[in-house]
Amino acid sequence: RRSSDLAHTSVRARNERVLFATVFDASRMSELEGMHGQAVNCAPVGADDLRITSVDPSSLGAAPGAGAVNMSMSAPSSGVNIAKREFMGRYAVPSPEFTGAIVGGKSRNLQELRGRLPDWINLPAQVALPFCTFDAVLAHPNNGHIAQHLQGLRQELEHLDFSNQVAFQDLLGRIRACIMQMVPTPELVDEMSRAFAAERLPWPEGHLGPEGAGGSGAAAHAWAAVTGVWASKYNERAVLSCRKAGLSHENVSMAVLCQPVVQSQYAFVLHTTNPQTGDPNEIYGEVVCGMGEALVGNFPGRALSFVARKDDLTNPRVTGFPSKANGLFTDAPTLIFRSDSNGEDLEGFAGAGLYDSIQMHEAKLRPVDYSRDPIVSDETFRAQALAAIAHAANEIEQALGSPQDIEGCIAADGALYVVQTRPQV
């Protein structure tokens with residue numbers, strides 16, 4: 001399975017002042033491998049390069065926080081808390097009913113933009129399964145045997161020695177598999193179908209539920225995505241991150257944001273304050289062919305990168321051309337189910353990217369021919385596309401009143417969509 005959180009890892013590294021770098025040059029990589037076991041000094045050169053030199057080990061001090069990692073279940077409190085949520089009586093809600101009591105910032109941030117942007121910036125329809133919908137579904141008699149099994153697995157996790165990596169990973173795998181055996185309740189199916197109709201989202205054909213337990217067709221794929229998002233609460237990086245921050249992992253509650261997938265020609269990630277220089281008057285962006293997974297995941301190669309001054313948005317400057325050999329593409333309408341937990345909006349805790357977002361039907365990997373793609377071969381098209389993306393970033397920052405980390409795409413018909421935005425950290 002490909003990692004989808006490379007971009008989030010870089011954000012957490014920047015917040016914690018930890019070096020995180022990508023090496024594109026094979027000869028440079030060989031040079032670094034030849035320095036294995038040596039003490040080195042890394043110094044930035046410009047905005048996107050490093051000078052790495054060997055140094056005397058005695059000249060290096062201990063890194064802040066250096067020392068043995070405590071892998072026990074308990075950890076000292078960091079002063080950050082996850083507030084335990086309660087089920088508010090709703091299994092699924094359309095976007096006008098999103099509030100902070102039932103969904104996270106990922107769902108609410110886009111909703112706050114509705115009616116505040118120019119018409120040419122499109123926002124997808126949204127339905128959310130609120131916080132604690134998982135708990136309400138698990139408590140249904142039809143899931144009684146699963147609830148009992150899961151309770152035993154959670155107790156086992158509470159007393160587990162995390163330093164035993166094999167046992168740790170095995171137990172988390174068994175917890176996730178247990179959650180994905182859950183069946184939907186009649187109340188959930190009814191409220192989801194009505195919320196989808198309210199948002200004019202097509203309801204997946206077939207029956208909602210796991211295959212082999214009543215699920216069929218596209219609806220079975222949708223249910224696998226929903227339970228997969230719920231189960232991602234128990235992936236390794238999420239459990240360990242909560243432990244490190246001294247947070248109660250069981251207080252994490254997972255809302256699920258349901259959106260249509262845009263069949264994108266290009267995908268982009270934008271920072272309305274340049275993260276490389278810290279310049280608040282400069283937008284930094286990266287663009288790939290196809291869907292954004294190829295950008296935020298660990299797909300080899302570079303994205304097209306650019307900067308745009310906020311006082312000159314029509315003249316973005318390309319800082320790097322793309323080299324990613326492949327892109328991800330979706331050829332038919334489908335849905336994506338995004339994690340939106342109450343652990344992703346905490347000040348002092350980098351929770352973004354810890355949990356999974358799952359597409360109902362997997363995208364297809366295809367080679368990209370840059371000699372024919374206008375984002376590279378047509379200078380006029382490229383300038384217009386990047387200017388539109390930069391203008392969209394500026395509009396969103398002005399609407400929300402703070403620097404933003406934005407994900408979006410351009411469809412084959414040229415329509416520009418923003419699918420996610422969060423405060424830039």
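Between which strand and which helix does the loop that holds S95 lie?

1. Basis of the model. The structure is a predicted model, in which local features need pLDDT of at least 70, side-chain atom pairs count only at pLDDT 80 or more, and totals for chains, interfaces and linings use all residues. Residues are numbered from 1 along each chain as its sequence is written, and side-chain values use heavy atoms, with hydrogens and water left out.

2. S95. This residue is found in the loop between strand 3 (93-94) and helix 3 (105-113); helices (H or I, at least four residues) and strands (E, at least two) are DSSP runs, numbered from the N terminus. S95 counts as buried because its relative accessibility is 4%, where buried means under 20% relative accessible area, exposed over 50% and partly exposed in between (1.4 Å probe, protein chains only). Its side chain makes a polar contact with the side chain of E199 at 2.6 Å. A polar contact is a pair of N or O atoms within 3.5 Å; within protein, one must be able to donate a hydrogen and the other to accept it, and residues adjacent in sequence count only if both atoms are side-chain atoms. Neighbours within four places in sequence aside, S95 is in contact (heavy atoms within 4.5 Å) with Q111, R114, Q126 and E199.

3. Chain as a whole. The chain contains twelve helices and 16 strands, and buried residues make up 47% of its 425 residues. Of the contacts between residues at least 6 apart in sequence, 67% join residues at least 24 apart.

4. Strand 12. Seven of the seven residues in strand 12 (residues 335-341) are buried. L335, F337, S339 and S341 point one way from the strand, while I336, R338 and D340 point the other way. Strand 6 (residues 254-260) runs antiparallel to strand 12 and is joined to it by seven bridges; two strands pair if DSSP finds at least two bridges between them. In this pairing P260 stands opposite L335. Strand 13 (residues 358-359) also pairs with strand 12 in the antiparallel sense, over two bridges, with I358 opposite F337.

5. Nonpolar cores. A nonpolar core is a set of buried Ala, Val, Leu, Ile, Met, Phe, Trp, Tyr and Cys residues joined through side-chain atoms within 4.5 Å. The largest has 54 residues, and those with the most contacts inside it include I179, W230 and F337. Helix 8 (residues 217-231) supplies the largest share of this core, nine residues. Apart from it lies another core of 31 residues, among them I121, L304, F329 and A399.

6. I179 and M180. Beyond its neighbours within four places in sequence, I179 is in contact with F134, L150, T227, W230, A231 and Y234. M180 lies in the loop between helix 6 (165-179) and helix 7 (186-198) and is partly exposed, with a relative accessible area of 36%. With the same exclusion of neighbours within four places, M180 is in contact with P210, A224, T227, G228 and A231.

7. Aromatic pairs. The structure holds six aromatic pairs; rings of Phe, Tyr and Trp (its six-membered ring) pair if their centres lie within 6.5 Å, and planes under 30 degrees apart count as stacked, over 60 as edge-to-face and the rest as tilted. F87 and Y91 form an edge-to-face pair, 5.1 Å centre to centre with 65° between the planes. The pair of F134 and W230 is edge-to-face because the planes stand at 65°, with ring centres 5.4 Å apart. This pair links helix 4 (residues 133-138) to helix 8, its members being 96 residues apart. Both F134 and W230 are buried, and together with W223 they form one aromatic cluster.
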